[in-house]
Amino acid sequence: MSVHILLVFGFLCVIPSTCLSILTDGETQNGTLRDESVDTKTDVFRQLLNQETLIRMSLVKNVHSLMKDMVEMKESMSTSNKRLHDAEKEISSLKNEVQLLKTENQKLKEEAVKFHEEFKTADSKFDDIKENFTKVSFSHDQYERHVNEKIEDFEKNTSTILNDIKIEVRYLSVTLLDLNKHTMEINGSIPNLIESKFTEYSTIVNKSISDINHKMFTSKDFQEQFVYNLSTLGNDQSSLMKIISDNLNNTITSIKADVEQSQKSQLKLSAAVSSLEVFRMNMSLMNSCASKTSVSFTVGVTSSSSSWNGNILVFPHVVTNNGNGYNPSTGKFTAPTDGTYVFFVTVNAFSSNSLYLDIVHNGSRKVRTMSHSSASYQTGTNMAVLALYKGDSVWILLWSGTGYYSNDVPITTFSGFLLF
């Protein structure tokens with residue numbers, strides 16, 4: 001730009017000198033020339049001067065305009081440089097942000113790959129859970145049959161034992177009645193026995209006393225002998241009364257012991273009867289529990305639908321329906337008794353469709369399956385443990401998506417059983 005300015009100034013300086021030299025250069029005019037020629041040249045010279053003045057003024061004006069344009073151009077270039085610098089800074093910032101976005105995008109891609117792998121792993125785990133659940137259901141059925149057989153055998157053995165216990169109870173009752181009767185007879189015979197013994201000994205003593213009185217009056221020696229015999233008789237009578245008293249005490253003690261033993265036997269018998277009653281109640285509870293554990297079902301669909309988007313998913317194919325809690329016409333399971341139930345649903349989405357299903361309890365959504373459209377024929381599974389009252393209902397309800405896939409051996413299934 002500075003080179004152009006110097007050229008313009010050089011041009012301006014060269015033009016006047018050149019014009020002046022053209023107009024004034026030359027040799028000195030001879031005075032002998034004609035006046036007309038001089039006048040003509042003077043007019044031409046004036047015209048040339050006027051033209052030169054106009055050209056100079058125009059050039060000066062143009063130079064000023066160029067100078068002004070140059071200043072404005074410099075200011076514009078300064079502003080442009082500043083804007084360019086700001087734009088370079090913004091471009092640098094945008095490059096950094098783009099780099100950050102690329103890094104974040106790479107991380108997201110890695111996380112997506114990782115999530116896809118985890119989803120595949122979870123899918124395989126759900127398949128394992130489904131297989132384990134089938135095995136558990138089969139084992140549960142076998143265990144239930146085994147328990148029912150054991151309960152039947154136990155009921156038969158219990159009935160036999162109860163009959164034997166009832167016979168023994170009757171025998172003990174008869175024995176206790178005989179023992180009470182014997183005790184009452186002993187209690188009634190004791191006074192008579194004492195009285196008869198006392199009467200017998202009194203008779204003997206009275207007879208001995210009369211004999212002694214008779215002999216006492218017949219001889220003196222006999223009197224002495226009588227005194228001795230009387231003393232001996234008194235001692236014997238004391239010993240006899242002591243023996244009778246001891247025997248009576250022992251008999252009474254033995255009778256009391258027998259009565260206490262009878263009372264203890266009667267208490268034991270009452271306890272045995274109470275235990276039998278409790279045992280009978282427990283057997284009733286066990287029978288009711290055994291009847292409860294017979295509630296279970298597995299149902300499925302045997303044909304696919306690419307456009308199903310209904311409300312309740314009905315599983316018409318019944319594999320198992322112990323307790324008749326599931327209705328294949330409505331798709332709803334109704335609890336036949338109170339308890340804690342386990343429900344499991346497996347759904348396979350048709351082709352690359354997405355499908356979300358819910359396990360619903362009396363209209364309240366509990367858990368949800370997810371079959372995402374990121375791949376074809378995705379499987380969604382879920383399980384719920386629910387406390388139900390008799391008459392509560394559970395069913396499978398659509399939340400989002402369309403279509404499901406199955407086969408003549410069901411792939412999309414719904415199962416449940418009474419836990420306790």
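Mentor: Start with the side chains of β6. Leu-355, Leu-357, Ile-359 and His-361 point one way from the strand, while Tyr-356, Asp-358 and Val-360 point the other way. All of them are buried, meaning under 20% relative accessible area, with exposed over 50% and partly exposed in between, for a 1.4 Å probe and protein chains only. In a regular strand, side chains alternate between the two faces of the sheet. Strands here are DSSP runs of E, at least two residues long, and helices are runs of H or I of at least four; both are numbered from the N terminus.

A word on the source. This is a predicted model, in which local features need pLDDT of at least 70, side-chain atom pairs count only at pLDDT 80 or more, and totals for chains, interfaces and linings use all residues. Residues are numbered from 1 along each chain as its sequence is written, and side-chain values use heavy atoms, with hydrogens and water left out.

Now the neighbours. Two strands pair if DSSP finds at least two bridges between them. β6 is joined to β7 (residues 364–371) by 7 bridges, and the two run antiparallel. Asp-358 has Arg-368 as its bridge partner in β7. The two strands form a hairpin with 2 residues between them. In that turn, Asn-362 has a positive phi of about 55 degrees.

β9 (residues 393–401) is also joined to β6 by 7 bridges, again antiparallel. There, Val-360 has Trp-395 as its bridge partner.

Step back to the sheet. It is open, has 5 strands in the order β3-β4-β9-β6-β7, and its pairing is antiparallel. β3 (326–327) and β7 are the edge strands, each pairing on one side only. At the β3 end, 2 bridges join β3 to β4 (residues 332–334), which run antiparallel. Asn-327 has Lys-332 as its bridge partner in β4.

Arg-368 lies over the face of Trp-399, at 4.0 Å from the ring centre. Lys-332 lies over the face of Trp-395, at 4.3 Å from the ring centre. The rule asks for NZ of Lys or CZ of Arg within 6 Å of the ring centre and within 35 degrees of the ring normal.

Next, ring pairs. Rings of Phe, Tyr and Trp (its six-membered ring) pair if their centres lie within 6.5 Å; planes under 30 degrees apart count as stacked, over 60 as edge-to-face and the rest as tilted. The count comes to 15 aromatic pairs. Phe-297 and Phe-333 are stacked, 4.9 Å centre to centre with 20 degrees between the planes. This pair links distant parts of the chain: Phe-297 is in β1 (residues 296–300) and Phe-333 in β4, 36 residues apart. Both Phe-297 and Phe-333 are buried. The rings of Phe-343 and Phe-414 have centres 6.2 Å apart and planes at 25 degrees, so they too are stacked. Phe-343 lies in β5 (residues 339–348) and Phe-414 in β10 (residues 413–418), so this pair ties together parts 71 residues apart in sequence.

Last, the whole protein. It has 3 helices and 10 strands. Of its 420 residues, 22% count as buried. The average pLDDT, the predictor's confidence in each residue from 0 to 100, is 77.
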